[in-house]
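Good morning, and thank you for making time on the agenda.

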Amino acid sequence: MELFVFVVAAAMVLAGAVGVVTRSNPVHAAMSLVLTLFGIAVMFVAHNAHFLAAVQVIVYAGAIVVLFLFVIMLLGVDKAEDLSVEPITNQRPLAAIIGVGISAIVIAAIISSRAGLGASGQGVNQTTVDSPDANIRQLARVIFSDNVFAFEITSVLLLVAVIGTVVMARKTKSVGTGK
Amino acid sequence: MLSVAQPTSTWYLILSAVLFGIGTIGVMVRRNPLIMFMCIELMLNAVNLSFVALSSQIANINGQVAVFFVLVVAAAEVVVGLGIIVSIMRRRTTVTVDDMSGLKG
């Protein structure tokens with residue numbers, strides 16, 4: 001059963017990722033991204049990270065992809081892009097070599113070091129029928145005790161991002177002088 | 001033999017390495033800035049997946065906390081990046097990063 005879940009989720013993730021890279025229409029690429037994000041959320045559930053799976057679906061597949069689609073529609077770039085020309089000579093073979101090389105190095109490191117990883121923490125609570133909120137309780141306890149300062153800084157980061165975006169995307173009267 | 005094989009954390013880590021490689025190729029190949037952002041999201045998700053897989057392997061909840069913060073930072077990054085793209089695209093009609101090489105405005 002776990003193998004079945006892994007195979008299906010991995011197929012979703014990889015198909016979506018290849019779709020993002022290869023689809024010429026940005027809207028189709030965004031839809032492929034949704035497929036990948038849902039596959040990742042399924043894998044989070046398989047690892048008992050239920051809170052993160054919910055956040056993944058809400059924040060990524062909900063907010064971020066909708067933001068992408070809004071920008072695509074706002075800019076009117078929902079046309080298929082011509083992918084047949086290579087902007088730089090040999091760009092794609094070089095990119096493929098570098099990407100495959102990075103993956104190969106990381107996989108080699110994973111395989112060579114997989115035996116050295118033992119349990120080092122207090123354990124991750126499993127969500128069961130008796131305690132359906134075990135994961136979220138444990139996560140909240142760590143976030144609001146050990147990492148409370150980082151959590152507060154995060155709110156400042158979000159505030160800065162919102163204000164910066166409003167300032168950047170606002171239309172001012174003096175902007176048109178450059179054109 | 002295959003029917004009893006259980007996916008271990010190594011499988012998830014290898015999948016996340018492959019996903020990271022696909023995202024890298026996408027960033028280097030595509031020229032539409034929106035698609036490049038999506039590929040960066042792919043790479044961030046690959047890292048998130050490896051965080052969660054290692055978190056359950058070494059029985060330490062801190063990996064999931066790291067994923068939580070990565071999610072927040074990714075959201076902020078997408079908001080700021082898309083704001084920059086919108087303000088650039090408002091003056092130019094082209095949609096490729098090759099045409100943005102000059103910082104002339």
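Helices, in what follows, are DSSP runs of H or I with at least four residues, while strands are runs of E with at least two; both are numbered from the N terminus. Please bear in mind throughout that this is a predicted model.

With that definition in hand, let me begin with chain B. Chain B contains three helices and zero strands, and its elements follow the order α-α-α from the N terminus on. Of its 105 residues, 46% count as buried. As for the contacts in chain B between residues at least 6 apart in sequence, 47% of them join residues at least 24 apart.

I turn now to chain A. Its domain assignment gives domain 1, covering 1–80, and domain 2, covering 129–171. Taken over C-alpha atoms, the centres of these two domains of chain A are separated by 22 Å.

Finally, two points of backbone geometry. Most residues other than glycine have a negative phi. Which residues here have a positive phi although they are not glycines? One of them is A:Asn48, with a phi of about 65°. A:Asn48 lies in the loop between α2 and α3 of chain A. Another is B:Ala59, whose phi is positive at about 55°. B:Ala59 is placed in the loop between α2 (33–57) and α3 (62–89) of chain B.

Are these two positions buried or exposed, or something in between? A residue is buried if 20 or more other C-beta atoms lie within 10 Å of its own, and exposed if 12 or fewer do. A:Asn48 has 20 other C-beta atoms within 10 Å, and is therefore buried. B:Ala59 has 14 other C-beta atoms within 10 Å, so it is partly exposed.

That concludes my presentation, and I welcome your questions.

Methods: Residues numbered from 1 in each chain as written. Chains lettered and ligands numbered in written order. Predicted model: local features only at pLDDT ≥ 70, side-chain atom pairs only at ≥ 80, totals over all residues. Domains from an automatic or database assignment. Contact = placed C-beta atoms within 7 Å.
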